[in-house]
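Dear colleague,

I am passing on the structure we spoke about, and below it you will find what came out of going through it. Please have it open beside you as you read.

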Amino acid sequence: MKPVPFNKLYLTGKEKKYIAEAIDSGSVSGNGAFTKKCHDFFQKKYGLKKCFLTSSCTDALEMAALLLNIKQGDEVIMPSFTFVSTANAFVLRGAKIIFADSKTAEPNIDENEVEKLVTKKTRAIVPVHYAGVACNMDKLIAIAKRNNISIVEDAAQSVNSFYKNSKNKMLPLGGIGDLGTFSFHDTKNITSGEGGLLAVNNQQHVEKAEIIWEKGTNRAAFLRGEINNYEWIETGSSFLPSDITAAFLLAQLEELKAVQSKRKKNWDLYHQYLSPLADKGYFRLPYIPDYAVHNSTIFYIVCRNKRDRTELMTHLKKNGIQAVSHYQALHKSRYYRKQDKIILPNAEKFTDCLLRLPLFPELKKNEIELIERSIFTFFN
Ligand SMILES: *Cc1c(COP(=O)(O)O)cnc(C)c1O
């Protein structure tokens with residue numbers, strides 16, 4: 001059998017054409033024609049108030065921290081089972097990160113633990129929608145409102161995922177909190193190699209976001225002809241990508257529907273093929289709450305223990321199948337454990353036992369069958 005990689009870049013065929021158009025236009029710096037088209041795509045399709053392309057989701061998170069004016073001594077609550085950038089963005093501003101545990105059934109933040117962690121210093125909660133599966137946003141929003149704190153959704157993995165709120169309304173992930181951040185890294189559903197987006201959903205932050213995005217100046221207003229010259233008016237940075245990146249991204253966005261249907265087909269096949277083994281108790285399948293409509297970005301299983309996972313990973317590797325673990329819970333990282341020693345049993349369980357299987361649009365049905373058979377052989 002041909003080796004099956006964990007991920008394979010999916011190209012729509014329009015990337016080179018759009019990049020050539022960007023180059024031929026004579027200007028490829030940020031905030032150009034393709035950037036505006038990408039902003040429009042997100043604003044129209046998902047009703048997001050105001051979008052800003054960034055060079056990565058890491059950048060979008062750093063922009064969010066600046067935008068909320070996070071300062072030395074502020075506290076920010078987030079799950080420990082997440083990517084390092086979720087925390088780093090706020091640490092850069094001097095914040096103390098307060099880690100919450102995952103739920104028992106799924107890696108997402110346990111909303112029932114969050115309120116206990118709120119103090120007078122809490123400025124933000126950062127729910128991470130793991131595998132594009134929504135966190136319980138109604139509960140998190142209620143906590144944020146009661147305590148007057150902001151919500152920044154780390155929707156890095158969640159393009160085209162939704163949350164059904166308590167009034168049965170479908171809301172796009174990344175469009176629910178005050179701010180939402182997306183990633184277009186090439187492991188994500190839609191990619192520009194590196195890339196990201198900040199969605200500003202709270203009108204209160206729109207004007208300042210535009211300034212921070214343009215190095216702390218009012219250059220955007222200048223370009224619109226609203227003022228005669230631009231100047232430094234805020235703490236800012238360079239967060240905007242070149243229009244070449246945006247051209248690549250637009251080519252991908254226009255094929256979102258096709259990408260999503262291929263991914264969903266493969267995710268559903270895994271679920272179907274692996275259910276009998278999960279029913280025998282060898283491992284658990286992803287838990288999808290009723291309120292979540294996910295984007296098939298990751299297919300994972302949760303093994304019974306770390307040893308099972310290590311041995312299964314090795315077994316699959318011998319069969320040419322690249323399956324991979326995911327985050328090392330951040331509260332156990334070398335950087336964090338110097339300041340605080342805490343125990344978060346669910347985050348630690350997902351660190352040790354979660355295994356991601358190959359998933360990409362061009363993965364074939366017979367490859368998924370072979371992966372299933374290889375897993376079957378391992379457990380029998
Ligand atoms: C991928 C990812 C990021 C980082 O995205 P970049 O675009 O690579 O900066 C942040 N948070 C989560 C949850 C991610 O999955």
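Helix 9, which spans residues 243-253, is mostly covered, with 9 of its 11 residues buried. Please bear in mind throughout that this is a predicted model. The buried residues of helix 9 are Asp243, Ala246, Ala247, Phe248, Leu249, Leu250, Ala251, Gln252 and Leu253, and what covers them includes helix 1 (15-24), helix 2, strand 1 and helix 10 (256-279). At the start of helix 9, a side-chain oxygen of serine 242 comes to within 2.9 Å of the backbone nitrogen of isoleucine 244.

Two of the elements that cover helix 9, namely helix 2 and strand 1, lead on to the sheet. This is an open sheet of 7 strands with mixed pairing, and the strands run in the order 1-9-8-5-4-2-3. Its edge strands are strand 1 (50-54) and strand 3 (96-100), each of which pairs on one side only, and neighbouring strands are turned against each other by 25° on average, with direction ignored. Helix 2 (residues 33-46) packs on this sheet, where it touches strand 1 and strand 9 (196-200), and the direction of helix 2 makes about 135° with that of strand 1.

Elsewhere in the sheet order, strand 4 (residues 122-125) and strand 5 (residues 150-154) pair in the parallel sense over 2 bridges, and the bridge partner of isoleucine 125 in strand 5 is isoleucine 151.

With best wishes

Terms used:
Residues numbered from 1 in each chain as written. Predicted model: local features only at pLDDT ≥ 70, side-chain atom pairs only at ≥ 80, totals over all residues. Heavy atoms only, no water. Pairing = 2+ DSSP bridges. Helix = DSSP H or I, 4+ residues; strand = E, 2+ residues; numbered from the N terminus. Axes fitted to C-alpha atoms, helices over the stretch in contact; angles between N-to-C directions. Contact = heavy atoms within 4.5 Å. Buried < 20%, exposed > 50% of the residue type's maximum accessible area, 1.4 Å probe, protein only. Polar contact = N/O pair within 3.5 Å; in protein donor to acceptor, adjacent residues only side chain to side chain.
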